[in-house]
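Me: Hi! Could you walk me through this one? I'd like to start with charges and rings.

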Amino acid sequence: MGQVEEPQLPDKASLGSRDRPRNRVLRDAPPLLWVVALLVAAISMSPLLYLIVRTSQLGGTLFEILAQKRIWTVFAQTGLLTIVVTITSVFLGVVFAWITVRTDLPARSLITILVSLPLVLPSYISAFSLIVVLGPRGLLQNALSGFGVERLPSIYGFPGAWLALTLFTYPFVFLSVRAGLAGLDPSLEDAARCLGRGPWQTFRHIILPQLKPSIHAGALLSALYTLSDFGAVTLLQFDSFTRAIYVQYTASLDRSVAAVLALMLALLTLLILAVEFGRPARKRYYRSSAGAARRAARSALGKWKFPALFLCVAVATIGIGLPVLAISVWLIRGVVYGDEHLGVHGTVLLDSIFASSAGALLTVVAAFPVVFLAARYPGRRTQGVERAAYIGHALPGIVVALALVFFSARYAVGLYQSFALLIIAYQVRFLPLAIGALRASLLQINPRLEEAARNLGHTPREVFLSIILPLARPGVLTAVALVFLSCMKELPATLLLGPTGFETLAMRIWNATEEAFFARAAVPSLLLVCASAIGLSIVLSNEQKGVAV
Amino acid sequence: MNSYAIQCHDLGKTFRGEPAVIDCSIDIRYGRFMALLGPSGCGKTTLLRLIAGLETPNHGSIHVGGVQVSGTGKQVPPEKRKIGMVFQEYALFPHMNVAQNVAYGLRSNGESNGKVSETLDMVGLEHLEFRMPHELSGGQQQRVALARALAPGPEVILLDEPFSNLDASLRQRVRADLRSIVRRSGITAIFVTHDQEEALSLADFLAVMMEGEIVQAGTPRNLYLQPETHRIATFLGDANFLPAYGKGLYAECELGKLQVLNGFNGDGEIMFRPEDVIPIQDPNGKFKIVDRIYYGHDQLLYLQLPSGQIMKSRRLGSRDAYDIGQRVGIRIDTPVSIFATQFGCPALPEPESHS
């Protein structure tokens, strides 16, 4: 952005017609900005491209691998898990949203918080608590042994994975449907009732169709998360893609199978995204009455009050209660038995914080040129760059990690198992989070401010430092906090790419749980939950502070 | 010594193939308070932004104080042009207080303290130094924007629709203030407006833009009395038009033989302002009053000519009584304008030759 002369890029078709002219600077983007943004987008795209290259080099072996029955078993199991988890999440999410927004359920606001909380816990902590409480010789079985119960149904495999992932993903649907319900125009329901439809028919024909976009959005997030999850399925020993990839990677010298599995997983994810975004343009859902509409009436739950309360309490207990119980019980046991590895070595905390800080900084710095280009020079080409940078959202962490391992092993041996490669993986994975947070605050800055500053004799670099950066600060802080938090919780990329001797909180929880040293997972879990809570409160308070410019 | 603050030569700018500014040439003398007048979307703001360096012209050149800043592959960035600009929505930096906003264009801290209070003094806001932009009224924000643009001591200041965000009552006062502030600082100012009254009353030099082209430039008086086309005439105010035949310094029309301002021969159209038409009480007059709008300080009569054409007459004062249906005669004492009927307008005169 530091150049003086602005060459004319012949660019007529690129400026989309739907852009709001007020937010647009009608200059062509500086070439340096293009170069940096394209570089960032290229890094984001490289894992997928490299996996394709690597798989295509297999030649005939590819078909031998694809002929193996177990690969298709993994495929079917992953598909089944994704479908079942998504359906359960949609059911729980819609029910919770409805009863907290539109009924007279007691303690609605408390229940709203309780049922959203599981989102804060990484899935491997949910898995850890399920194993500790419901697993063989777990807390529940111990409690029941007095009654002669010798065996509980096994938590490992499909049931555990289903439970852990549903608990983690239904809040996506819940939050999105809540927002959708709040935006509904109650006068449409009134109209339906006046036209002689009962409450159930009104819900089915009027409300549900209008909620479809929010349900879709939530379901998409649930499905994508289920596909990408590593922590829960590995700990609960369910053979989905991510676990199969990891097992293949660690167990065999020939990593071709892992590469094929990773590419299949990436393509499956992209296929779901393509289907979702390829659907015909959505109908517009809007309030017919502008301005402050009347609030929708709450319907009485009547005899359903107690079943509804029971469902809420049950889910909140499993989602939040079990982890709290598991962590505290094993913390106490660890202290009582005097486990010398109970505490977390300072280096683990330092490794976590250092890697996450570096990841957050690099990711936010890399997001800036992409966001700036797309927000200030909107057009098809700049949008393409932004979309390319979003690919990390669709690639499961283990896929990104594996691609980078292959790439460094072949082309950059010096990078293999280096700290730098881990940070690049974080950047690829979490760039979309940073872009999302920065974009909103950058779009709020009137481009006239930049022009005024230029006009007052400041160079583009000075304008960036003295005007844009201070004004975009809430967005920058949110982006840093979000990415930092995600890096702290990240597991598969950290496991695969972490340098020798490097250990984060997430790795420690996972290792301890896998080896059944449950007490050793308690303290890092507690630290991680605290870090999540602090990070989330920073993000939320920033959102409130964001001022329109 | 170059006597022009700004010289634009053959400027052109297109956006996505759509021409916004077409072959604009204009020279502006030092010390002028110039208005760039035109309907919305005519390219006047783009011309302003070209001068400021916020847009790059496709062709043509711009000189500021005799030094080339745009054209022939050269494009001096806005921060190096020493041109002040006041934006339509003021663009005050929301994270800086009034004093910081004004100081932003000043380089060294040493000079800035004195300069900031001096400039704020000039716009009458010395007591608001530490307010934040959102704590100011619209008029105050506008003055801060003006002070910020003036503080670095530019030789030229550009104002983009400076009054459009103010309500009507405030606008009158702010206009007068702005005029005196700009006069006192002796700076060359160009402001963009779509309001003809604003342009005529404030500016000492006026350029009319239509569809990307500068169609006429001159003093407000000159443009109002002697517009070169039908469209310019209507854009600058109420006008009457009648088909006429030019014979040198006279024109024949339905009203008889009228003196014209500019020599013209052949078929054409005469233009005269409603205030030039003086009604005469005459029960047998050729003209019938078909409508009357009473404003208090003046009144507007709609007179029907024998041919059926309607002509407007504006009478100052409120005392003369006219009735609808009444017949009157008229008198036109001043010479009228005449031009070719369609858009075949004569060549542009040198803009500065009228002063």
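Reply: Happy to. A charge sits over a ring if NZ of Lys or CZ of Arg is within 6 Å of the ring centre and within 35 degrees of the ring normal. This is a predicted model, where local features need pLDDT of at least 70, side-chain atom pairs count only at pLDDT 80 or more, and totals for chains, interfaces and linings use all residues. Residues are numbered from 1 along each chain as its sequence is written, chains are lettered from A and ligands numbered from 1 in the order in which they are written, and side-chain values use heavy atoms, with hydrogens and water left out.

Me: Great. Which ring does the charged end of B:Arg148 sit over?

Reply: That of B:Phe93, with the charged end 4.6 Å from the ring centre. Likewise, B:Arg273 places its charged end over the ring of B:Tyr224, 4.0 Å from the centre.

Me: Is B:Phe93 buried or exposed?

Reply: B:Phe93 is buried, at 0% relative accessible area. Buried means under 20%, exposed over 50%, and partly exposed in between (1.4 Å probe, protein chains only).

Me: Switching to ring pairs: how many aromatic pairs are there over all chains?

Reply: A search of the whole structure gives 23. Rings of Phe, Tyr and Trp (its six-membered ring) pair if their centres lie within 6.5 Å; planes under 30 degrees apart are stacked, over 60 edge-to-face, and the rest tilted. A:Phe354 and A:Phe419 make a stacked pair, 5.1 Å centre to centre with 15 degrees between the planes.

Me: Where do A:Phe354 and A:Phe419 lie?

Reply: A:Phe354 is in helix H14 (residues 346-376) of chain A and A:Phe419 in helix H17 (residues 419-443) of chain A, so the pair ties together parts 65 residues apart in sequence. Helices (H or I, at least four residues) and strands (E, at least two) are DSSP runs, numbered from the N terminus. A:Phe354 is exposed at 53%, while A:Phe419 is partly exposed at 25%.

Me: Now sheets. In what order do the 5 strands of the open sheet in chain B come?

Reply: The order is S14-S18-S15-S16-S17, with antiparallel pairing. Two strands pair if DSSP finds at least two bridges between them. Strands S14 (277-281) and S17 (310-316) of chain B are the edges, each pairing on one side only.

Me: And how many bridges join S16 to S17 in chain B?

Reply: 7 bridges join S16 (residues 298-304) to its antiparallel partner S17. B:Leu300, for instance, has B:Arg314 in S17(B) as its bridge partner.
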